[in-house]
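Trainee: I would like to go through this structure one point at a time. Please end each answer on what I asked for.

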Amino acid sequence: MTTPAPTSGRTFFLRRQDMIGIAILAVLLMVVLPLTLDNFRLQFVGKYLTYAFVALGLALCWGYAGILSLGQGVFFGLGGYCMAMFLKLEASSVENTKIQTTPGIPDFMDWNQITALPWFWEPFRSFGFTTLAVVAVPALFALIIGFALFKRRVGGVYFAIITQALAAIMTILIIGQQGYTGGINGITDLRTLHGWDIRTDSAKTILYFVCVGLLIACILLAYYVKSSKLGRLLVAMRDKEDRVRFSGYDVSSFKIFVFCLAASLSAIGGAMFTLQVGFMSPSFVGIVPSIEMVIYTAVGGRLSILGAVYGTLVVNWAKTSFSESFPELWLFGLGGLFIAVVLIFPNGLAGLWQTYVAPRLGPLFGGQARRAAPPPASEPVAPAVAE
Amino acid sequence: MFSDYSLAELSSIFMMQGFAGLILFSVFVLMALGLAIIFGQMGVINMAHGEFMILGAYVTYFTSQFFLNYLPSLFGIYFFIAMILAFLASGALGMATEWLMIRHLYKRPLDTLLATWGLSLILQQVYRSVFGPREVGVELPSWMMGSLPVTDVVEVQINGLFVMGLTIAITVAVALLMYKSSWGKQVRAVVQNRVMAGAVGINTEKVDRYTFGLGCGIAGVAGSAFTMIGSTGPTSGQLYIVDTFLVVVFGGAQSLLGTIASAFTISQAQSTLEFFLSGSMAKVLTLIGVVVILMLRPQGLFVIKVRR
Amino acid sequence: MNANVITDSMNKDFVLAVEGLTVSFDGFKAVNDLSFYVDENEIRVIIGPNGAGKTTVLDLICGRTRATAGSIRFKDRELTKMKEHEIVRAGVGRKFQNPSIYEDLTVFENLEISYPKGRTVLGALTFRRDAAVKERVQEVAETIFLADQLDQRAEYLSHGQKQWLEIGMLLIQDPELLMLDEPVAGMSVSERKKTAELLNRIIKDRSVIVIEHDMKFVEDIAHKVTVLHQGKILSEGSMAKVQADPKVVEVYLGH
């Protein structure tokens with residue numbers, strides 16, 4: 001990658017400009033936005049940031065390893081549903097639900113004539129199990145899919161289409177199994193976490209900071225993976241898969257790893273979404289949200305970890321402001337964005353930053369000259385006019 | 001789930017659901033045929049294929065309205081006119097798309113996927129703005145209504161048979177075009193060796209554009225057929241895109257015969273399962289089945305072993 | 001019974017024993033009942049007209065293509081059942097026909113990735129670029145004439161340098177059997193000379209199979225030459241013997 005000479009200054013695994021970038025992001029999210037935005041707007045940012053976890057995972061999985069998953073919503077949803085199941089069970093105490101035919105089970109189960117809590121809901125009474133499940137269930141699911149597909153060398157567009165089909169299957173399944181999943185409405189009316197009311201403004205502010213903290217931690221993790229030999233291997237695999245294989249690596253195991261990692265990151269985002277927004281529904285699982293999450297990464301610059309966060313914020317901010325003022329224009333905007341990010345600026349915001357802004361800022365950051373443009377993306381990204 | 005029925009009942013059920021699946025099968029085949037041409041021959045993933053189909057459906061709807069209002073005496077044949085118009089409209093839009101967008105993205109299949117998804121969003125919004133958000137349905141001419149009894153319990157709808165016949169005709173025409181005509185030879189030459197094909201004087205850009213247009217045009221015809229089983233709305237096309245892609249991948253993208261067989265398998269599985277389970281579970285099971293088979297045989301069902 | 005004993009004991013002497021190797025693609029036999037043996041420290045050159053199945057033979061040995069029938073034994077391990085990365089770890093290195101390097105990475109990183117440590121997911125995550133790695137990379141870089149290009153991104157290398165880099169990526173693994181597919185194709189005369197020199201230096205303590213068209217180059221390096229034609233061995237022996245073989249002359253000049 002843009003890794004400089006092996007001897008040049010890096011502390012542990014972060015380069016100087018990476019540290020500055022992360023610090024700026026942290027200050028922006030932890031200080032600037034909370035001070036300048038009202039609670040209502042800040043909660044929006046908190047919600048957007050949960051998608052940034054997905055975008056982060058995609059930067060690794062798609063940007064670096066060249067594996068385009070169109071089913072990240074599935075993992076976002078799995079994480080979110082795990083958390084929602086815990087919160088729902090807490091909200092469905094016998095006391096709260098005494099008007100139901102069967103008190104003590106979630107309301108939607110009662111509406112669907114289910115009289116006992118299904119076995120797979122049972123462990124979600126424990127918060128410890130839930131936190132583990134948020135990360136482990138999606139990772140396990142990704143492991144199974146990854147194992148089945150990557151071991152058999154399914155990749156590229158085939159992988160994309162199969163993951164998209166999985167997103168479709170998952171949505172249909174959740175909507176169809178209303179009694180167990182809450183159906184199309186999802187799991188709603190979540191109230192407390194160990195008695196702590198998550199619906200109040202102060203709780204939401206605290207959750208916002210938790211979310212930012214987790215995001216920064218995940219960004220650091222992503223940087224670690226990227227800067228490790230594994231990160232370079234991912235790039236190498238994207239470029240010349242056979243060469244990596246004939247250098248003695250089991251290529252599929254690396255793909256499985258990065259796919260599982262991306263799945264877990266998405267799931268953390270999903271769990272934070274449930275906590276902050278107070279519900280989870282199949283509308284975050286399906287084909288449309290899943291592919292929309294890809295655009296966050298693409299807008300940020302598919303090879304840029306920090307870009308993924310900014311891309312998520314920018315696209316969602318645009319979506320919200322468009323939908324408020326000209327709802328019918330948003331689809332044009334989003335559609336145009338998909339096309340533009342592919343045809344006109346394939347390296348996204350990060351590319352624009354590196355080409356136009358960074359060279360001028362160079363002297364401010366210690367004078368180290370930057371490399372002009374990030375390396376080409378998963379496939380040769382020729383200028384739009386090249387033929 | 002089968003145990004509640006006698007053998008005779010089961011066979012009738014299978015037959016009836018089989019025939020009920022005919023139109024779905026036809027739509028699948030036509031959609032997948034277009035996709036298979038575009039994906040198999042050009043390696044391009046067209047996520048907007050559903051919207052090209054819906055354009056055909058809208059064209060069919062408006063043609064039917066036109067005939068109803070201005071030429072009621074000829075209403076019986078409106079469908080044939082509509083089909084041709086649908087083919088032309090979707091094909092023209094496809095060629096424009098190829099020229100404006102796709103041709104810059106050859107060799108970047110994942111990027112075409114994203115770009116055409118963007119196109120599909122734009123087209124959906126265009127349909128919504130121009131044709132309105134409400135779903136519209138066509139009226140069938142009287143000769144297409146009703147059904148033919150096959151046995152005492154099994155009946156087949158005439159429009160189903162008609163669409164089925166139409167599909168067969170189009171498929172045969174496409175097969176002839178691809179494998180017998182000189183144009184088809186050019187397309188295949190470009191697929192196998194673009195540089196060489198260019199060197200021997202084939203206008204590869206033109207071949208690309210017409211291939212893409214043909215694929216989209218067939219999608220338009222699929223849209224015409226679609227009007228008989230569903231009402232047309234701005235987002236109706238999106239519902240079919242995943243199924244169609246699975247059909248293409250399942251069949252092994254390069255093989256037209258494979259595409260047809262896989263469309264048949266998937267539509268029949270879904271239609272038959274629907275009788276026993278809820279529609280959504282039938283769909284889930286079908287999709288899961290396809291995904292599992294693809295995991296076991298990723299190259300698709302009908303692909304021959306070749307040297308990599 | 002007796003014959004079996006003899007073949008078994010003979011196998012032990014060979015680094016590579018290919019026996020009855022056959023592969024068919026959709027009925028077409030690209031390699032047909034092929035048998036040959038490579039000795040320790042031998043340089044074997046495979047020549048033959050286009051489509052003779054030379055590259056396919058290498059593909060079969062390194063596991064890229066699966067054999068339809070026959071066996072490939074490397075130091076008494078059956079390769080036909082092993083996965084590609086296992087074959088590499090067993091000590092077989094392969095250079096591709098077109099330089100296959102990682103264009104987005106630097107020369108250093110290209111070599112480092114090929115360094116045989118940290119080959120598992122966990123190993124790669126915890127891999128440290130320690131002094132031993134740097135030293136070995138430096139050493140190999142000097143052998144392949146790229147010591148002053150270590151920080152260069154590989155895409156900016158010349159074609160010849162890319163070929164050397166790929167050879168270097170194999171060297172760093174120290175394979176016992178090295179397979180090179182047209183190592184001097186597309187090289188200038190001076191690069192060709194340097195490559196011959198490079199090969200002569202690196203073949204010590206290992207066996208090498210080379211596919212090459214350049215007869216001058218073949219004459220310079222080959223211990224033994226195998227001529228393939230239509231998936232079968234047409235002739236085998238020293239360069240002089242092969243060149244004098246009327247069948248070979250026929251295939252090369254006859255049509």
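Mentor: A crossing of two helices is left-handed if the near helix is turned anticlockwise from the far one by less than a right angle, and right-handed if clockwise. Keep in mind that this is a predicted model.

Trainee: Is the crossing of α9(B) and α11(B) left-handed or right-handed?

Mentor: Helix α9 (residues 238–251) of chain B and helix α11 (residues 279–296) of chain B pack with their axes 10 Å apart. The angle between them is about 30 degrees. The crossing of α9(B) past α11(B) is left-handed.

Trainee: Which helix of chain A gives the largest share of the side that touches chain B?

Mentor: The contact draws 35 residues from chain B and 40 residues from chain A. On the chain A side, α5 (127–150), α6 (156–176), α12 (287–300) and α14 (327–343) each supply at least two residues. That side of chain A, where it touches chain B, divides into 30 nonpolar, 6 polar and 4 charged residues. The largest share of it, 15 residues, is from α6(A).

Trainee: Why is strand β8 of chain C described as largely enclosed by the rest of the structure?

Mentor: Ser207(C), Ile209(C) and Ile211(C) point one way from β8(C), and Val208(C) and Val210(C) point the other way. Residues on both sides are buried. Strand β8 (residues 207–211) of chain C is largely enclosed by the rest of the structure because the number of its residues that are buried is 5 of the 5.

Trainee: Which residue of β8(C) is the bridge partner of Val45(C)?

Mentor: Strand β3 (residues 43–47) of chain C runs parallel to β8(C), joined by 4 bridges. Strand β7 (residues 177–181) of chain C is also parallel to β8(C), with 5 bridges. Leu180(C) stands opposite Val210(C) in β8(C). The bridge partner of Val45(C) in β8(C) is Val210(C).

Trainee: Over which residues of chain C does pLDDT stay under 50?

Mentor: Chain C has a mean pLDDT of 86, and 94% of its residues reach 70 or more. One stretch has 0 contacts beyond four places in sequence, and there pLDDT stays under 50: residues 1–9 of chain C.

Terms used: Residues are numbered from 1 along each chain as its sequence is written. Chains are lettered from A and ligands numbered from 1 in the order in which they are written. This is a predicted model: local features need pLDDT of at least 70, side-chain atom pairs count only at pLDDT 80 or more; totals for chains, interfaces and linings use all residues. Two residues are in contact if their C-beta atoms, placed from the backbone, lie within 7 Å. Ala, Val, Leu, Ile, Met, Phe, Trp, Tyr, Cys and Pro count as nonpolar, Asp, Glu, Lys and Arg as charged, and the others, Gly among them, as polar. pLDDT is the predictor's confidence in each residue, from 0 to 100. Axes are lines fitted to C-alpha atoms, for helices over the stretch in contact, and angles run from 0 to 180 degrees between N-to-C directions. A residue is buried if 20 or more other C-beta atoms lie within 10 Å of its own, exposed if 12 or fewer, and partly exposed in between; C-beta atoms are placed from the backbone. Two strands pair if DSSP finds at least two bridges between them.
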